[in-house]
Amino acid sequence: MIENFFRSFDGPLTRRLARAPGGLGLGQVPSDLVPVSTTTTVCGYCSTGCGLNVHLGREGAIDLTPDPAYPVNLGVACPKGWEALSVLDSPDRGTVPLLRDRRTGERREIGWAQALGTMARAFADLKSVHGPESAAFLSTGQIPTEEMFLLGALWKFGLGFVHADSNTRQCMATAHVAYKQSFGYDAPPFCYEDFEESDVLVFVGANPCIAHPILWERVMRNRRSPEILVLDPRRTETAQSATRHVRIAPKSDLVLLYAVLRNVIERGWVDRAFVEASTSGFDGLRGFVATISDESALSQAKIPAEDLEALVQAFRPGRRVSCWWTMGVNQSHEAVRTAQALVDLCLVTGNIGKPGTGPNSITGQMNAMGSRLYSNTSGLVGGRDFANPAHRQEVSEIMGIPESSIPVAPSLAYDQILDAALEGRIKALWVVATNPEHTWIGSDTFRKVREKLDFLVVQDMYHSTETAEVADLYLPAAGWGEKEGTQINSERRIGVSKRVKRPPGQALPDFEIFRLLGVASGCGDLVERMSSPEQAFHLMRELSRGRPHDFTGIRDYAQIDASGGIQWPFPEGSITDGIRPGAQNAAGSRESRQGSGRRLFEDGRFFTPDGKARLLYDPPRPPGESPDALYDLVLTTGRGSSSQWHTGTRTEKSAILQAMSPRELFLEMNPDDAASRGLEPGSMVEVASRRGSLTARLVSTPNMAEGVVFLPMHDRRVNVLTFPSFDPHSREPSYKHAAVKVGKGPTKDP
Amino acid sequence: MPTMPLETESVGASGIASPRRKADLGAFAADLEDQIARSIESAADLTAVERFSRWHEHGTVPAHEPFYRDLMPASAPAPGFQYAFEVDLDKCSSCKACVAACHSQNGLDPAESWRTVGTLVGKESRATVTSSCHHCVEPGCASGCPTLAYEKDDLTGIVKHLDDQCMGCQYCTWTCPYDAPKWNESLGIVRKCDMCHGRLAAGEAPACVQSCPSRAIRIVVVDKDALKADPNAGTRLPGIVPPERTLPTTAYLNLEDPASSPADRDVLRPEHAHAPLAVLLVLTQWAAGIWILEILRRAVGWQPWEWARPCAGALLLAGLGIGTLHLGRPLKAWKAFLGWRRSWFSREVLAMGTAVPFVAVASVPVAIAPIPESVATVANGLAAAFLLAGVGCSAMLYMATPRPAWARAATAWRFGLTTLGGGAVVLGASGMQGLRWMGVASIVAGVAKAILVLSDRRPRSEPTGALVLQARLLRGPLASQARAQAVLFVFAVAAAALGSWTGVAAWLVVALVFRMASDLVERTLFFRSCPSTRMPGGV
């Protein structure tokens, strides 16, 4: 055709999209992003802990792909992992410390020396005038363990303060306390192979399809045609993929699980030998659950009897049953007992310590477990207790610090710290890599705290988080990928995260910031022993000796990296799980890596003094706030999409993740509820609780039961509505139950 | 380094730092400065990564290959066959990794991905639908493209976009029923999924196939003739354009509820206003109207208006000139005729472009260039023919899209009545003979068009569909613009009526101004209120 003469089959625009062989086992890559080498690292969002293969150019990371040889994710990643590098380039990144000017109220740039000097002085002054309980830090599950460890050690052993907590209080505190009370140690017993090895998987308050997509991938690999039961007030993506969705009324999980327990016990499906040898408290439990009738459980859960029967049948002998939970359980007014009801169910049926079993907490943040073990906040470093003199002595000896510098009392919990700040007892807060202005529960509590504080320091990658915006002093931190350290995933796998990119401007790794503050505060001796993350790791390793999480068998970072992560326990003398396969047959060896995961309690011995697991229970209580005539709906909150992470601090910096996320805040509501209120689908509605209100777009969906509405947590306004109640054991806030009303929005629907 | 006092700020009870003052941090100060410098230096040091081994140092076979091996066809398509995506809706867990991987593995711009994910909502179920280009057997993009910037590969069936051929008219984004071509504003061109053809050629899987944790996307080989015989064997989902039109090849397996509908079915999203196109349409239609009516005026023996043709010519050139502002790559506009065999866009350009020289010749006043009358007469006739053809092609351009709000006779009526009404009001405002009749003609044409415009706005009986959305858009987010247009129109009609009644041309000048404004707003609403066709979206 003559027309072809006028057609451009090549040119600069065509070449922009050219792909070229990437080499290095990569397949084709964009031709302007051909790497010179690659290195592996572990993702820094959630606790799945996926391996990522970072493509390196001459000046660091240029791209990444999921690591096909990592035993966790087997070559795939969720959108957040794919976009882990792009969120590092943002105009919102902090490049210099910012100090708020007292006269103008504006933030101005200052040098590190001035910032650290100011901070050191402020804390020293506070402590000398108001004592060691006058300041606290609020940290995170989002930084490497070494950084948490250094921060906690510096704060308590160096600066001599008492109070500190972490945002893991908002996610994993319940699992931590439940395991600790039941097993004698914060010890999630499972490995990811258990997803593939179960005959029955019971998910309670968990939506892995959206929140942990790569773990759902492991479920999909299960070749045993498993029965999948999902207990959730919403018909989530996971509920839809299940063999049975038990759509319980919000916060009816505990009574329902007790009814299941009673039925299981009554039908004689108890593993007598195991219960006898390895648990204590069975008689009490049996007596207690005998008081929970099917009728009361069914009426509270608002489910048909066949759902209860299916749940009971799930635990009939001869099948491997695993129970998995996340925030639907953890964030509740009776969260610990709910998690322990699942623990109890697994214990009495002997579903623990064997393939495809276990009461298994899927962790939220990428290093919640590192925080639980080493942040020195609620427990003394290395999973110890402040109140235990022997523990204090061990730490003092291993760390070479005077025993007197170790506080005897545990810290206040997150909510108590904020209460103390409201009362003026705590006058300064140091917020590290978390965003309480957005996340804290109930009606702008943190805003009121801010007004009362004399000094608020925020240390974060971005100067633009809601909390950083209201700080007196902002410290620019390097992010994931710009620093190194280890993190521990849900299956207790320690992984290494590496520095593959330079931090912007003068932003520093949190580890360096802590060290420098130590120097500025006269704690040079303490921080000198931790001159690098890997040195801190060696100290952490010593602190693990003889503890249940003993990983003294780990030589160094390189060994962890080469092994594809190493699960604790890994005491001295252990043999590496398996050396990462080499270039030739990486993916082929991936199959051979199957079964490398290890689970706890195979010998039926637990970490309690008598070696027996405790069967714990309490009568169910009503939630702190229930619907009434005025506020007639239950509001529950949760993750909105797989492309959004918590407050969006990072994920909102990726244009493509934004493009995948809902365009605006939406409220999910049952169509009948919408119709009875005269609300048109797609219209703007006003959602109000006793604490405040917001407007959102109405999504009318049969996925919601009547009487229940859902809001995603990624919008700051949502926590204006939530009701601040807390589990008495874990002090974790209950984001899943508040009374609200919904009416037409202020503007007329188009 | 000597010990030096360090500048710090003391923090007062107000929570805000006080003016700086020197505070002696003693021995730490020098050490601190020194350590800060070292920390900043070490933070920028990337050699640390070299402490670790690197994998696949010499790997040539992609390490992912075993993962996707069985998601690919055993061999390349035989003649009459082509590659296609196959999506198992039951396997998809909604994670959207395919979207991220398409973006990242193809080196796309920050917010760009050729794959999108939406939701189909059923009574008791929902399905997540991942989609990109369906590599249709009869691609709508290619049949619309005026520059022949699409190429359907004979061997693979992949519909490739020639990025360097594209002039950025975005017509393919209208003619594709499934929203596969993606407009890239910063580059001024459209780009789209090429099924990672280079990867396929090398035996590798496309990025989306490689990245799906649930292995829900695979590449299969389909028989093109079988698809022609039974289009439903290809892409059939509720709430999208039926497959007969373009024969899309992506097969979606295991849809639980065939009665489900897209989650964004009722979401009101005003479309782009395309102001340059609105101007192009209105001005060229007015030009054609002036030209034709002037011929009619002279035919009935009324006194000729010497400025009618130059005036029409000026409007035509202005319309075409402003219209090119719509193009992302206006320098490539000369290629726009290449698609004349298939594309109404090319035909519109050809018709209007061909009209230009004839309009020019016929418009030159005798006083300036003595053109023989026979030549001028022929030019006049040809100009009229091409101008009318241009208006016709404009109408067909929109009617040929899969958009229900455009693909109806009302579009042709709308454009025709604009032509008549615009021409009449201009000729009336000229103050020449027949002024009153021109005023009346403009009113009649205007009222007829107003009925069409108003009928788009009225609530409809059917529960859903593009026309329902259009009506809701016009009553909702676009209501104020629609009201403004109505007010301008009423003023225009009132002035024209006064002009016709009194015979005073000045009223018709006033009518002309209001009518032009009214028509321009009407035409932007024509764009803004027309719902696009696409795959199921999300909230």
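Which exposed residues does the face of α14(A) turned away from its buried side carry? Point 4 gets to that.

1. **Ground rules.** What you have is a predicted model, in which local features need pLDDT of at least 70, side-chain atom pairs count only at pLDDT 80 or more, and totals for chains, interfaces and linings use all residues. Residues are numbered from 1 along each chain as its sequence is written, while chains are lettered from A and ligands numbered from 1 in the order in which they are written.

2. Domain bounds here come from an automatic or database domain assignment. Chain A gets domain 1 (2–88), domain 2 (98–171 + 367–580), domain 3 (189–362 + 605–614) and domain 4 (633–744). Domain 2 of chain A and domain 3 of chain A have C-alpha centres 34 Å apart. Their contact takes 5 residues from domain 2 of chain A and 7 residues from domain 3 of chain A; two residues are in contact if their C-beta atoms, placed from the backbone, lie within 7 Å. In chain B, the domains are domain 1 (6–51), domain 2 (66–262) and domain 3 (275–528). The C-alpha centres of domain 2 of chain B and domain 3 of chain B lie 38 Å apart, and the contact takes 20 residues from domain 2 of chain B and 18 residues from domain 3 of chain B. On the domain 2 side, α4 (140–144) and α5 (171–175) of chain B are the elements giving two or more residues. Helices (H or I, at least four residues) and strands (E, at least two) are DSSP runs, numbered from the N terminus.

3. **Where the two chains meet.** The contact takes 101 residues from chain A and 88 residues from chain B. On the chain A side, the largest share is 8 residues, from helix α3 (residues 112–130) of chain A. That side of chain A splits into 53 nonpolar, 27 polar and 21 charged residues. For these classes, Ala, Val, Leu, Ile, Met, Phe, Trp, Tyr, Cys and Pro count as nonpolar, Asp, Glu, Lys and Arg as charged, and the others, Gly among them, as polar.

4. **A helix with two sides.** Back to the opening question: the face of α14(A) turned away from its buried side carries the exposed residues Ala305(A) and Glu306(A). A residue is buried if 20 or more other C-beta atoms lie within 10 Å of its own, exposed if 12 or fewer, and partly exposed in between, with C-beta atoms placed from the backbone. The buried residues of α14 (residues 305–314) of chain A are Asp307(A), Leu311(A) and Ala314(A). Seen down the axis of α14(A), they fall within an arc of 60°, so they line one face of the helix; the arc is that of the directions from the helix axis to the C-beta atoms. Among the elements covering them are β10, α10 (253–266) and β14 of chain A.

5. **A covered strand.** Look at β14 (residues 321–325) of chain A, where 5 of its 5 residues are buried. Val321(A), Cys323(A) and Trp325(A) are on one side, with Ser322(A) and Trp324(A) on the other. Two strands pair if DSSP finds at least two bridges between them. β10 (residues 200–204) of chain A runs parallel to β14(A), joined by 5 bridges, and Phe203(A) stands opposite Trp324(A). β15 (residues 358–361) of chain A also pairs with β14(A) in the parallel sense, over 4 bridges; there, Gly358(A) is the bridge partner of Ser322(A).

6. The order β19-β20-β21 (chain A) makes an open sheet of 3 strands with antiparallel pairing. β19 (485–488) and β21 (566–567) of chain A stand at the edges, each with a single partner strand, so one side of each is left without a neighbour in the sheet. Between β19(A) and β20 (residues 493–497) of chain A there are 4 bridges, and Ile488(A) has Ile494(A) as its bridge partner.

7. Ser654(A) is in the loop between β23 (633–638) and α28 (655–660) of chain A. Is Ser654(A) buried or exposed? Buried, with 27 other C-beta atoms within 10 Å. Leaving out residues up to four places away in sequence, Ser654(A) touches Glu83(A), Ser86(A) and Val87(A). Ser654(A) and Ser90(A) are 564 residues apart in sequence but 8.6 Å apart in space, C-alpha to C-alpha.
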